[in-house]
Amino acid sequence: MSDIKLIQLNNYIRPAIVENKAKEWVLNGKANSFYQYIIDRKNGSPTNSSVLNSYDVLTYGKGLGFRNNKNTEDWIKLKVGLKSKELRKVISDFNLFGEATLQVIRNKKGGLSEIAHLPKEKVVPQLANEDGEIAGYWVCDNWAKTNQNPQEYFSAFGTSKDAIEVYHIKPYSAGKEYFSDPDYLAGLPYAEMEEEIANLNINSIKNGLSAGYVINVPNGNTLTPDEKDAFEKQIKQKLTGSPNASRFVLSFNGVDAEITVTPFPVNEQIHKQWEFLTQEARQQVLTAHRCTSPSLVGVISSSGFSNTADEMDMAESQLLKRVIAPKQNFILDAFEEILEFYDINLDLFFIPLTEEQQPLAEKTELSSHVCCTDDSEDLDVLLSKYALDTPEGFELASDEDLKEFNLSANQTSEQDSKLWKIRYAYAKGTSKTPQGSSRAFCNKMIGLSNRGKVFRKEDIQLMSEQGVNGKFAHSGGRYDIFLYAGGVNCYHRWERRIFKKKRNADGTPKKGGAMATTTEVNVNEAKRQGAKLPKNHRDVAIAEIDKPNKGSLR
């Protein structure tokens, strides 16, 4: 009688989520591995990845705005200290992990210099003290290999006078003292199910759609139990797991039998099972994310809210109100707490992607803050705040010399590199002859350009947020000066100006502020010298008069 063993595929074991108190820090699972588990579920599950990426876009919208025009100086401080790319990273971590960490960096005078993203999977809290307070955080590139990766300690925000402190955005999570969990925690096994089904299907195809095998081993009954276990282990390593699609039966026979591999017959109904599991996994992942309509996150569905435009609008409204807005509020509360610590008072909000995504009450409130029109006495002051004299012909040796200018355009732009600085001038953008008189805004902007004034992209966008030319906004929303300049029938556009840092004797760029020790270079010459110029929306470089309908939306 042959010795037959039925070898099953891998059994699913849900990972333990344990706050592991080791040494002076606390890890989220063994070797802080729960973060990697979450990352893997995003990378492996199409539905989970689609939802998270969509939520990142919806949460960020068009970035941060604020509701009090009197706090322009505070807003400039925030825009300089918090880059859009850092904010996007914070949002991504918060949506993925249910928590996020920030580096809050002080300047030499003790004020706020920068708020930067810190990857959450690399940050763990220190053990709480006897009062239950967490006094600091440890950062390590790989917590599974602490011997090879040094750990660095930072004080918790507001507990020291250190140059760098760590702020932890952590909603309450039942049973978790040190960490929070993603709000879609219950959907992670189904995300893993999607991943395994994909592995099984593609490898089943590669293996000829086989349902499995019977492996007969000759003279197998003479092997000792240890030899059989070793042989079985070798077979498992080669054939088990979802990449190998199925299971096999291993039979140890007598000496006269020969090795045979007999495939199982293919179950003709197996595709229905995989179809059910695929749909079930997708639905449960969407449910865990509280997604009101699959089509909102790029998942095609023939049921639910995806049938009519009205239902789609309702689903989108509910998603923004009940899922996205609470996420935004957690993040905004964190930033406002940091800013208040440094006496920066801003009523922040996330600018929605579209007018339709903006709640009615917020539309009314925002429109009431559009205070800068062509006739406003504040317009000259507001425009000049963001402008900078073209730096050709003078050098500034240090940041101290920049203080007398006190202009936002002296700050570094996201479009800058160490060597090349990108600024914009307002200029005529068409060969057509203007008819009639220009708007007051255009006259003031051309006047600034004639005096050699230039702007950063961020400063132009900031003017838009402050309501400059706001009366041209559609339905009382935000008017984008960078894209549409002076509005319908306008003959002007933004021209790019390129400035190059002068070099030291060793070839390195000179130090000082962003625009210190720079000279203007022709765009074509800059490209010839290897400058990688950022790409803007095509509307930036086209005058409204040359666009369809002369820039009108009607």
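Of the 554 residues of the protein, 45% count as buried. Buried means under 20% relative accessible area, exposed means over 50%, and partly exposed lies in between, with a 1.4 Å probe and protein chains only. This is a predicted model, in which local features need pLDDT of at least 70, side-chain atom pairs count only at pLDDT 80 or more, and totals for chains, interfaces and linings use all residues. Residues are numbered from 1 along each chain as its sequence is written, and side-chain values use heavy atoms, with hydrogens and water left out.

The protein exposes about 29,100 Å². Carbon and sulfur atoms supply 50% of that area. The areas come from the Shrake-Rupley method with a 1.4 Å probe.

The protein has 15 helices and 19 strands. Both are DSSP runs, numbered from the N terminus: helices are H or I with at least four residues, strands are E with at least two. Take contacts (heavy atoms within 4.5 Å) between residues at least 6 apart in sequence: 70% of them join residues at least 24 apart.

**A pair of helices**

Helix α1 covers residues 34-44 and helix α2 covers residues 46-60. Their axes come within 5 Å and cross at roughly 100°. That makes α1 roughly perpendicular to α2, a term for angles of 65 to 115 degrees; under 35 counts as roughly parallel, over 145 as roughly antiparallel and the rest as oblique. Axes are lines fitted to C-alpha atoms, for helices over the stretch in contact, and angles run from 0 to 180 degrees between N-to-C directions.

Which residues meet here? From α1 come Arg41, Lys42 and Gly44; from α2 come Pro46, Asn48, Ser49, Leu52, Asn53 and Asp56. By class, the contact has two nonpolar, four polar and three charged residues. Ala, Val, Leu, Ile, Met, Phe, Trp, Tyr, Cys and Pro count as nonpolar; Asp, Glu, Lys and Arg count as charged; the others, Gly among them, count as polar.

**A six-strand sheet**

Six strands form an open sheet in the order β6-β5-β10-β9-β8-β7, with mixed pairing. Two strands pair if DSSP finds at least two bridges between them. β6 (112-118) and β7 (123-125) stand at the edges with a single partner strand each, so one side of each has no neighbour in the sheet. Neighbouring strands are turned by 35° against each other on average, direction ignored.

Strand β8 spans residues 136-139. Three bridges join β7 to β8, and the two run antiparallel. Four bridges join β8 to β9 (residues 152-156), again antiparallel. Some facing residues are listed here.

| Residue | Stands opposite |
|---|---|
| Val124 | Trp138 in β8 |
| Pro125 | Tyr137 in β8 |
| Val139 | Glu152 in β9 |

Gly136 and Trp138 point one way from β8. Tyr137 and Val139 point the other way, and all four are buried.

Helix α4 (residues 84-97) lies across β5 (100-106), β6 and β10 (164-169). α4 runs at about 40° to β6.

**Two residues with positive phi**

Asn32 has phi near 60°, a positive value in a residue other than glycine. Asn32 sits in the loop between β3 (25-28) and α1. Is Asn32 buried or exposed? Asn32 counts as buried, because its relative accessibility is 5%.

Arg290 is not a glycine either, yet has a positive phi of about 55°. The place of Arg290 is the loop between α7 (270-288) and α8 (309-341). Arg290 counts as partly exposed, at 41% relative accessibility.
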